[in-house]
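Q: Could you take me through the pockets and the packing of this one, and say what each term means as you go?

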Amino acid sequence: KKANIGVAMGKSGTDVAKEAADMVLKDDNYASIFEAVKVGRIVFENIRKVIYFLLGSDGGIPIVIVSSLLLNLPLPFLATQVLWINLVSNGLQDVALAYEPGEKDISKKPPRNPNEGIINFSIFKRIMIVALVIGTGTLFMYWYKLSQGSSLIFARSTALNTLVFFQFFHVFNSRSFEKSIFKIHPFSNPFLLMSLTLALLAQISVLTFSPLHFVFRTTQLDYITWIQTILVALTIIIVVELDKLFFNINNRTNS
């Protein structure tokens with residue numbers, strides 16, 4: 001009566017047992033339960049990773065827009081540019097995250113509380129941190145270019161590129177909630193590398209290809225601005241790596 005689910009044998013079990021069971025073992029092998037739990041944990045973690053990536057990345061957009069309005073700055077993004085961000089940065093990487101192979105020690109982790117939702121407190125806190133860093137960094141680059149006398153279209157292109165690269169780097173953070181990105185094999189998820197390559201080529205084209213300039217109201221950036229946007233976007237890795245470090249230290253202390 002205390003069991004979470006009922007398991008029946010697929011070969012030797014009776015039809016009544018199969019109908020009443022939540023899980024049916026077609027091969028009558030108890031080891032299949034272990035593999036099923038392992039796969040289930042990987043699927044659940046990947047769902048968490050995708051949601052964490054999307055909410056953290058997209059959370060920076062309203063921060064930039066609202067902050068710009070409070071500072072009496074022009075809107076940093078046009079509607080087509082926001083759609084471009086969701087299409088290029090989110091539309092490819094979130095699908096690739098769903099193919100994460102799973103961490104090697106996932107079977108050794110203690111059972112999750114059945115009442116715990118997909119977003120727990122630690123993940124929610126990190127989503128807020130990520131959104132704040134992305135929003136602040138993008139707003140800074142936008143304000144900086146305007147204060148230097150750049151045109152509005154140039155400042156918007158800079159903000160767009162900064163936000164996109166923030167998301168490029170953040171997708172690596174999203175591959176694990178505990179492990180450092182430097183301890184994860186970069187080629188363990190080839191779909192992610194493919195999606196990043198396609199997204200990078202698309203982002204370069206929207207800033208260098210004249211017909212796309214007209215569609216998305218962008219312009220070509222100089223090399224200095226490219227370097228600046230990439231360096232600012234790299235701060236998301238530093239911040240999340242520090243948060244992972246503190247999280248792991250706190251877990252070891254409590255255990």
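This is a predicted model: local features need pLDDT of at least 70, side-chain atom pairs count only at pLDDT 80 or more; totals for chains, interfaces and linings use all residues.

Q: What volume does the largest pocket have?

A: The largest pocket has a volume of about 940 Å³. On a 1 Å grid over the protein atoms alone, a pocket is an open set of points with protein on both sides within 12 Å along at least five of seven lines, whereas a cavity is a set where a 1.4 Å probe fits but cannot get out; lining residues have an atom within 4 Å of a point. Points are joined across faces, edges and corners, and a volume is the space filled by probe spheres set on them.

Q: Which residues are closest to its centre?

A: The lining of the largest pocket has 26 residues, and those closest to the centre are Arg41, Pro110, Pro111, Arg112 and Asn113. The elements giving two or more residues to this lining are helix 2 (31-58) and helix 5 (121-147), and helix 2 has the largest share, with seven residues. Helices here are DSSP runs of H or I with at least four residues, strands are E runs of at least two, and both are numbered from the N terminus.

Q: And how does that lining divide by class?

A: The lining of the largest pocket divides into 12 nonpolar, five polar and nine charged residues, where Ala, Val, Leu, Ile, Met, Phe, Trp, Tyr, Cys and Pro count as nonpolar, Asp, Glu, Lys and Arg as charged, and the others, Gly among them, as polar.

Q: What about the second largest pocket?

A: The second largest pocket holds about 240 Å³ of space. Its lining has 13 residues, with Gly102, Glu103, Lys179, Ile184 and His185 nearest the centre, and by class these 13 divide into two nonpolar, four polar and seven charged.

Q: How many cavities of 30 Å³ or more are there?

A: The count is one cavity of 30 Å³ or more, and the largest cavity has about 40 Å³ of space. Its lining is made up of Ile42, Glu45, Asn46, Lys49, Gly102, Glu103, Ile106 and Lys109, which by class gives two nonpolar, two polar and four charged residues.

Q: Changing topic, is Arg48 buried or exposed?

A: Arg48, which sits in helix 2, is buried because its relative accessible area is 5%; buried means under 20%, exposed over 50%, and partly exposed in between, with a 1.4 Å probe and protein chains only.

Q: Which groups does its side chain reach?

A: The side chain of Arg48 makes a polar contact with the side chain of Glu116 at 2.5 Å and reaches the backbone oxygen of Gly117 at 3.0 Å. A polar contact is a pair of N or O atoms within 3.5 Å; within protein, one must be able to donate a hydrogen and the other to accept it, and residues adjacent in sequence count only if both atoms are side-chain atoms.

Q: OK, how many residues has the largest nonpolar core?

A: The largest nonpolar core has 46 residues, and those with the most contacts inside it are Tyr52, Phe77, Trp84, Ile85, Phe166 and Ile236. Helix 6 (152-173) is among the elements that each supply at least two residues of this core, and the largest share, 11 residues, comes from helix 6. Such a core is a set of buried Ala, Val, Leu, Ile, Met, Phe, Trp, Tyr and Cys residues joined through side-chain atoms within 4.5 Å.

Q: Which residues have a positive phi?

A: Among them are Asp28, with phi near 55 degrees, and Asn72, with phi of about 60 degrees. Asp28 is in the loop between strand 2 (residues 23-25) and helix 2, while Asn72 lies in the loop between helix 3 and helix 4. Asp28 is partly exposed because its relative accessible area is 23%, and Asn72 is exposed because its value is 70%.

Technical notes. Residues are numbered from 1 along each chain as its sequence is written. Side-chain values use heavy atoms; hydrogens and water are left out.
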